[in-house]
Amino acid sequence: MTTFLAHAIGPAVLKELRSTDDAGRRMVPVTDEEGGAPLRCCLRRSEPGERVALVSYAPLRRWAAGAGVDPGAYDEQGPVFVHAGECGGPAGDAPPFDRAHRVVRRYAADGRILGGRLVEPGAFEAAFAQAFADPAVEFVHVRAVEYGCFLYEVRRG
């Protein structure tokens, strides 16, 4: 059985984003009074009273730079919530943020989008299995339906 691993934004990238985000802006920490923000640093929802920040993040651009490819027109950046300070990272291995419809986008090793799929709650493992059944798929991005925001990356385990 193949396993699929959800990846939060890594500590080195978080350090950069907490200084200057991918849009060139300085981080502005706030206290999350209500809680519920989807944190991309630890792949859980914020608790009331936690210090968080909304920063601009370009996941495909950063991946492409490390892979030595050009993301071309698929380069996007968008808002993501992170803890304003260091956190312990993800605590589990279940697909996070899985209680709502999500979009799973498939990407090739050269950064091209190979397709996407709307995924219903409870169907994430099947969607990942379907995506990775195509050997051309290098990784997938899980995104929010409402705003299209990046939530996390998934790779074969």
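**Exercise 1. State the volume of the largest cavity and describe its lining.**

Solution. The largest cavity has a volume of about 40 Å³. Here a cavity is a set of points on a 1 Å grid over the protein atoms alone where a 1.4 Å probe fits but cannot get out, and lining residues have an atom within 4 Å of a point. Grid points are joined across faces, edges and corners, and the volume is the space filled by probe spheres set on the points.

The model is predicted: local features need pLDDT of at least 70, side-chain atom pairs count only at pLDDT 80 or more, and totals for chains, interfaces and linings use all residues. Residues are numbered from 1 along each chain as its sequence is written, and side-chain values use heavy atoms, with hydrogens and water left out.

Step 1. The lining consists of Phe4, Leu5, Ala6, Asp93, Ala94, Pro95, Glu125, Phe128, Tyr152 and Val154.

Step 2. Strand 1 (4–7), helix 3 (124–132) and strand 10 (150–156) are the elements that give two or more residues to this lining. Helices (H or I, at least four residues) and strands (E, at least two) are DSSP runs, numbered from the N terminus. The largest share, three residues, comes from strand 1.

Step 3. By class, the lining has eight nonpolar, no polar and two charged residues. Ala, Val, Leu, Ile, Met, Phe, Trp, Tyr, Cys and Pro count as nonpolar, Asp, Glu, Lys and Arg as charged, and the others, Gly among them, as polar.

**Exercise 2. Describe the second largest cavity in the same terms.**

Solution. Step 1. Its volume is about 30 Å³, and the residues lining it are Val104, Arg106, Arg117, Ala127, Gln130 and Ala131.

Step 1. Two or more of these residues come from each of strand 7 (102–107) and helix 3, and helix 3 supplies the largest share, three residues.

Step 2. The classes are three nonpolar, one polar and two charged.

**Exercise 3. Give the strand order of the open sheet of five strands and identify its edges.**

Solution. Step 1. The order is 1-10-9-7-8, with antiparallel pairing. Two strands pair if DSSP finds at least two bridges between them.

Step 1. Strand 1 and strand 8 (113–119) each have a single partner strand, so one side of each is left without a neighbour in the sheet.

Step 2. On average, neighbouring strands are turned by 25 degrees against each other, direction ignored. Axes are lines fitted to C-alpha atoms, for helices over the stretch in contact, and angles run from 0 to 180 degrees between N-to-C directions.

Step 3. Helix 2 (residues 59–67) packs on the sheet and touches strand 7, strand 9 and strand 10, its direction making about 165 degrees with that of strand 9. Contact means heavy atoms within 4.5 Å.

**Exercise 4. Trace the pairing around strand 9 and strand 10.**

Solution. Step 1. Strand 7 and strand 9 (residues 139–144) are antiparallel and share six bridges; Arg105 has His141 of strand 9 as its bridge partner.

Step 1. Strand 9 pairs with strand 10 over four bridges, again antiparallel, and Arg143 stands opposite Phe150. These two strands form a hairpin with five residues between them, and Gly148 in the turn has a positive phi of about 80 degrees.

Step 2. Four bridges join strand 1 to strand 10, with Phe4 partnered by Arg156.

Terms used: 1 Å grid on protein atoms, 1.4 Å probe; cavity = no way out; pocket = protein on both sides within 12 Å on 5 of 7 lines; lining within 4 Å.
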